[in-house]
Amino acid sequence: MSNPQLLTFINQYIDQHQPQFSALSDSIWDHPETRFTETYSANLLADALEQEGFRLERGVGGIETAFIASYGSGQPVIALLGEYDALAGLSQQAGCATPQPLVENGNGHGCGHNLLGTAALAGAFAVKAWMQQQRLTGTVRFYGCPGEEGGSGKTFMVREGLFDDVDAALTWHPEGFSGMFNTSTLANIQAAFQFKGIAAHAANSPHLGRSALDAVTLMNTGANFLREHIVQEARLHYAVTNTGGSSPQCGASRCRGAVPDPRATARSGAGYLPTGDQHRQRRSADDRYPDDGAFRQGLLQLRAKPAAWSR
């Protein structure tokens with residue numbers, strides 16, 4: 001049942017604080033950071049929540065750019081989820097409906113990720129103000145969730161028990177309408193494969209070479225054939241992140257590719273995973289996603305403990 005008084009309060013609060021929220025969103029847009037490297041964006045949102053009187057826990061779950069901001073005490077515990085990671089290769093001028101990168105092959109925000117964390121923050125602010133006015137008990141939490149784009153950040157946070165006492169968790173996404181919906185999505189896991197070959201002179205001694213790029217091509221060709229034999233709900237995508245250089249006369253001695261894994265959905269084609277993304281995501285040729293650090297360590301943990309995706 002709707003509460004007209006509450007709706008009026010929320011609308012007025014958001015309108016009154018709109019400049020602050022817009023400034024946060026614009027600042028995140030201007031500082032696009034890919035999965036698990038969202039230091040500026042995470043600190044920006046966390047600092048704003050702390051200044052508003054929320055209790056901050058930073059670096060939760062062993063992830064540097066994850067945090068929890070809480071207000072109130074007791075039950076119920078309502079969580080609002082905020083995301084703020086960008087994608088490689090999506091650099092774009094604001095307010096422009098045609099491709100106009102600010103930095104060629106630079107990072108940029110897709111699917112409104114500069115808005116996701118900001119709007120959830122705005123919701124947390126408004127709920128706090130309503131609780132204060134009505135002298136309500138309970139806890140509202142903002143969860144700063146890094147690595148949504150192919151990093152499974154929330155999964156690691158759940159695994160660490162950060163949601164164990166939460167009664168309800170709410171998230172949102174930009175859409176063509178304003179409303180509520182309840183839906184499920186596919187699991188999204190990524191794996192990276194590196195191939196090592198032998199460089200050789202392409203004209204003088206090609207028979208002595210072993211092309212790593214050929215291996216990547218064969219793997220991706222096999223992945224495409226696999227599409228015919230996986231369940232209807234699965235999605236399979238890949239990107240070549242290192243093509244072995246730009247000199248074909250030398251042969252490619254080292255190449256790298258990243259592909260999705262359908263263990264959770266299709267349970268076929270070991271080493272490949274399905275993703276819920278049905279749009280093409282561009283990756284820069286020099287592999288702007290981190291090659292090591294938090295994301296790589298996360299993948300190693302994931303491969304070691306796949307129980308979170310078992311049925």
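**Helix packing and cysteines**

Modeller: Helices H3 and H4 are roughly parallel to each other.

Biologist: What makes H3 and H4 roughly parallel?

Modeller: Helix H3 (residues 39-51) and helix H4 (residues 113-134) pack at an angle of about 10°, and angles under 35 degrees count as roughly parallel; H3 and H4 therefore receive that term. Their axes, lines fitted to C-alpha atoms over the stretch in contact, lie 11 Å apart. The model is predicted: local features need pLDDT of at least 70, side-chain atom pairs count only at pLDDT 80 or more, and totals for chains, interfaces and linings use all residues. Numbering runs from 1 along each chain as its sequence is written, and side-chain values use heavy atoms, without hydrogens and water.

Biologist: Which residues of H3 and H4 meet?

Modeller: With contact meaning heavy atoms within 4.5 Å, Leu 45, Ala 48 and Leu 49 of H3 meet Gly 117, Thr 118, Leu 121 and Phe 125 of H4. By class, this contact has five nonpolar, two polar and no charged residues; Leu, Ala and Phe count as nonpolar, Gly among the polar.

Biologist: Why is Cys 145 called buried?

Modeller: Buried means under 20% relative accessible area, exposed over 50% and partly exposed in between (1.4 Å probe, protein chains only). Cys 145 has 0% relative accessibility and therefore counts as buried.

Biologist: What makes Cys 111 partly exposed?

Modeller: Its relative accessibility is 35%, so Cys 111 counts as partly exposed.

Biologist: How many disulfides are there?

Modeller: A disulfide is a pair of cysteine sulfur atoms within 2.5 Å, and by this rule the count is zero.

Key. Axes fitted to C-alpha atoms, helices over the stretch in contact; angles between N-to-C directions. Helix = DSSP H or I, 4+ residues; strand = E, 2+ residues; numbered from the N terminus. Parallel < 35°, antiparallel > 145°, perpendicular 65-115°, else oblique.
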